[in-house]
Amino acid sequence: MRLSFSNGEHADVLVDSGVTGIGSAQGNTVILDAGGVKPWHARLLVDQRGMILEVLDAQARTHVNARPVVEKALLRLGDVINFDAVAAVLKPDHDEIIDTRVPASTPRGTTAAVSRVVLRGVSGAQFGKTISIGEQLVIGNGSSGLDLDEPGMSERHVSISVCDDAIYLRDLDSSQGTEINGVRVKSAVLHPGDQLSFGRNRFVLEAPGYPARGQSLPTPAEMAPAITQTLDAIQIDDPVVADEKEDDSSGVWWLIAAAALIGLGIAGLLWFGNY
């Protein structure tokens with residue numbers, strides 16, 4: 001990921017695993033010599049949980065997507081971070097990671113695939129709302145789909161189309177395009193977790209089962225060899241036959257015979273005892 005400073009206060013900074021200090025003092029990874037930026041303003045922590053913004057100075061004015069941050073905030077691609085008056089956008093390592101190759105038409109998706117794809121509002125008037133996309137959703141200012149009251153936004157700005165194996169953003173009549181994870185594009189292939197920005201309104205795409213960015217769904221031809229190899233690797237041993245239990249019927253007969261002899265002996269004693 002990288003921090004891209006909107007007004008050129010600093011060159012783009014690649015943010016790797018570990019700690020990235022941000023402030024006006026020497027010793028920070030990112031030194032911002034601008035009014036309002038505290039000497040040790042904040043730091044970015046990157047680990048297995050993702051990227052976390054931690055405010056170091058209680059007096060430091062810090063916002064994420066125009067919402068104030070007092071202590072910590074979990075960040076995602078496309079977020080706008082304000083260190084007082086200095087704005088930085090969290091972008092992918094390079095813009096080309098956003099695939100802008102979109103087919104002219106979208107195959108019809110199945111009900112199961114379409115029903116689980118939604119936009120979740122993370123800032124602006126749509127904050128906290130969940131918008132179902134369906135097979136297609138048109139977004140614009142006055143659109144019959146998702147109506148966003150944003151300056152400079154056309155009535156039919158973009159559309160989002162859903163099919164079984166991909167989700168597409170198509171530009172309809174926008175003048176400046178749309179930001180996907182902080183990268184401005186006209187049309188793009190979308191992936192789960194992508195952040196779409198329309199001025200003050202920001203949305204995260206939730207699409208369970210769809211490939212994450214950088215991945216793709218395997219085709220049946222790609223899956224077949226793997227399945228065959230897995231089956232070939234399974235070794236099935238001959239069934240183990242349990243040892244038959246020894247026939248203990250002879251022991252039963254011996255017990256019966258012994259009981260009979262004892263009975264005869266007792267009967268004899270009783271008989272001769274009477275005489």
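**View 1. Pairing of strand 1 with strand 2.** In this predicted model, strand 1 (residues 2-5) and strand 2 run antiparallel and are joined by two bridges. Strands are DSSP runs of E with at least two residues, helices are runs of H or I with at least four residues, and both are numbered from the N terminus. Two strands count as paired if DSSP finds at least two bridges between them. R2 has L14 of strand 2 as its bridge partner. Residues are numbered from 1 along each chain as its sequence is written, side-chain values use heavy atoms, and hydrogens and water are left out. Local features need pLDDT of at least 70 and side-chain atom pairs count only at pLDDT 80 or more, whereas totals for chains, interfaces and linings use all residues.

**View 2. Strand 1 between its neighbours.** Strand 1 is also joined to strand 11 (residues 86-91), by four bridges, and these two strands run antiparallel. Here R2 stands opposite K91. Both faces of strand 1 are covered, with R2 and S4 buried on one side and L3 and F5 buried on the other. Buried means under 20% relative accessible area, exposed over 50%, and partly exposed in between, with a 1.4 Å probe and protein chains only.

**View 3. R67 and the ring of F127.** R67 lies over the face of F127, 4.2 Å from the ring centre. A charge sits over a ring if NZ of Lys or CZ of Arg is within 6 Å of the ring centre and within 35 degrees of the ring normal.

**View 4. The largest nonpolar core.** This core has 28 residues, and L119, I139, I160 and I167 have the most contacts inside it. A nonpolar core is a set of buried Ala, Val, Leu, Ile, Met, Phe, Trp, Tyr and Cys residues joined through side-chain atoms within 4.5 Å. Elements that each supply at least two residues include helix 1 (111-115), strand 14 (136-140) and strand 17 (167-171). Strand 16 gives the most, with three residues. A second, separate core of 24 residues includes L32, A42, L44 and V55.

**View 5. Surroundings of I167.** Leaving aside neighbours within four places in sequence, I167 is in contact (heavy atoms within 4.5 Å) with residues including V117, I160, V189, L205 and Y210.
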